[in-house]
Amino acid sequence: MKNCDTIPFYVPWITKDDKKAAVESLNSRWLTGGPKAAQFEQKFADYIGVKHAISVNSCTAALHLSMRVLNIKPGDEVIVPVLTFAATANAPIFCGGKPVFADIDEKTLNISPDDILNRITKKTKAIIPVHYGGQPCDMKKILEIAEDHKLHVVEDCAHSLGAKYNDKQTGNFGIMGCFSFYPTKILTTLEGGMITTNDEKLAKRLKVLREHGMNKTALDRESDAKWYYDVVDLGYNYRLTELQAALGISQLERVTEGIKKRIKAASYYTQKLSSPALRGIITPYKAPNRSHVFHLYVIKVQRDKTGINRDELFRKLTDNGIGVSVHYTPLHLLSFYKKFLNDNSMTFPTAEHVYEQILSLPLFPTLTKKKIAFITNKIEGIIASKM
Ligand SMILES: Cc1ncc(COP(=O)(O)O)c(C=O)c1O
């Protein structure tokens, strides 16, 4: 294939309209804490189908604030999947709480509801399911468990903007949903995040915590023509800038188109990888009653059937100019969590087994069929040379 011998893992999709919106916001009087963020919040809430959306400057900030407003404190435990990004597990730690890992479901790679049950103690306060790769978790079972044990559910929707479980979008199921707008995500504001909720009291408190714990924003003070404000809580500066909000609004207008492109690219990958020569490669499993927005396209490499292990395939694809990645090293294998939880002997059999096999292939809205065919042909060639 000519002029196509490097394919990065991810290429952002920034259009002329996005750039125009960003420049316009720079020409406005408000650069942060202004009307664009409020507009973005309203449009986002409408898109998800919730009453409130609170913008913040990352999903990490969103998860942190969600733990704060649930009053997670020292001694409290929060159940999180062991196969996730560090930010999910760090959120309770920021508040003095403890993340408790649960194993995953082998097919969907989402948190296993059965293992959530094994991890519940008297100290458990909340569960943070992560809709891994863009496919919703088994929310029916998770919500039943939460109700039976009086636990809060905060959805980590970093991967799942636009994904549906039984025709309802993620971000609707828990008491809060936390979204990421990091460059590789379904929608990007460079860095950024959003919290969705139907609870008005929580929404108000989240807005206060986002802005230094102040009871009035700069925009409120200008419209009141009063300088006075009180600090009513220990807050942070977690605001999204106006440029980021303008970019978010522009991107939200074509989010459905972007998701369609991802789904189309994923189904082409699956078609190409279903060739008999590639029967040792397992393509992503799709559970019933759920849509998958394919933030990630994760294959499993079965060594016994391909003659190659994941690490070797990773290296060979990288050597061929194809950007691949692994999502994720299970958290219990990482130094910080071993030390923090003072436990070197944690074991999660499914996550450990799956971790040996998973490989994320390039997937972004502008990825062409030609490039996908180039990637899958390379995989086929590498495996053929091993057999
Ligand atoms: C599952 C998950 N949760 C949380 C985050 C944190 O998002 P952010 O980078 O916006 O803080 C990420 C980021 O990749 C993620 O993948």
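Predicted model: local features only at pLDDT ≥ 70, side-chain atom pairs only at ≥ 80, totals over all residues.
Visitor: Which residues of α15 are buried, and what do they pack against?

Guide: An α-helix has 3.6 residues a turn, so residues three or four places apart point the same way. In α15 the buried residues include Ile372, Ile375, Ile379, Ile382 and Ile383, together with Phe374. The buried residues of this helix pack against α10 (255-273), β10 (281-282), α11 (303-306), α12 (310-319) and β12 (358-361).

Visitor: Which residues of the largest nonpolar core touch the most other members?

Guide: In soluble globular proteins, nonpolar side chains tend to be buried together. Here the largest nonpolar core has 79 residues, of which Phe101, Leu361 and Ile379 touch the most other members. Domain 1 (16-254) and domain 2 (256-386) both give residues to this core, so it lies between them. A second, separate core holds 22 residues, among them Ala45, Leu240, Ile249 and Val255.

Visitor: Which way do the residues of strand β1 point, and which strand is joined to β1?

Guide: In a regular strand the side chains alternate between the two faces of the sheet. In β1, His52, Ile54 and Val56 point one way while Ala53 and Ser55 point the other way, and all are buried. Five bridges join β1 to β9 (residues 193-197), and the two strands run antiparallel, with Ser55 standing opposite Met194 in β9.

How values were computed: Residues numbered from 1 in each chain as written. Heavy atoms only, no water. Buried < 20%, exposed > 50% of the residue type's maximum accessible area, 1.4 Å probe, protein only. Helix = DSSP H or I, 4+ residues; strand = E, 2+ residues; numbered from the N terminus. Contact = heavy atoms within 4.5 Å. Core = buried A, V, L, I, M, F, W, Y, C linked by side-chain atoms within 4.5 Å. Domains from an automatic or database assignment. Pairing = 2+ DSSP bridges.
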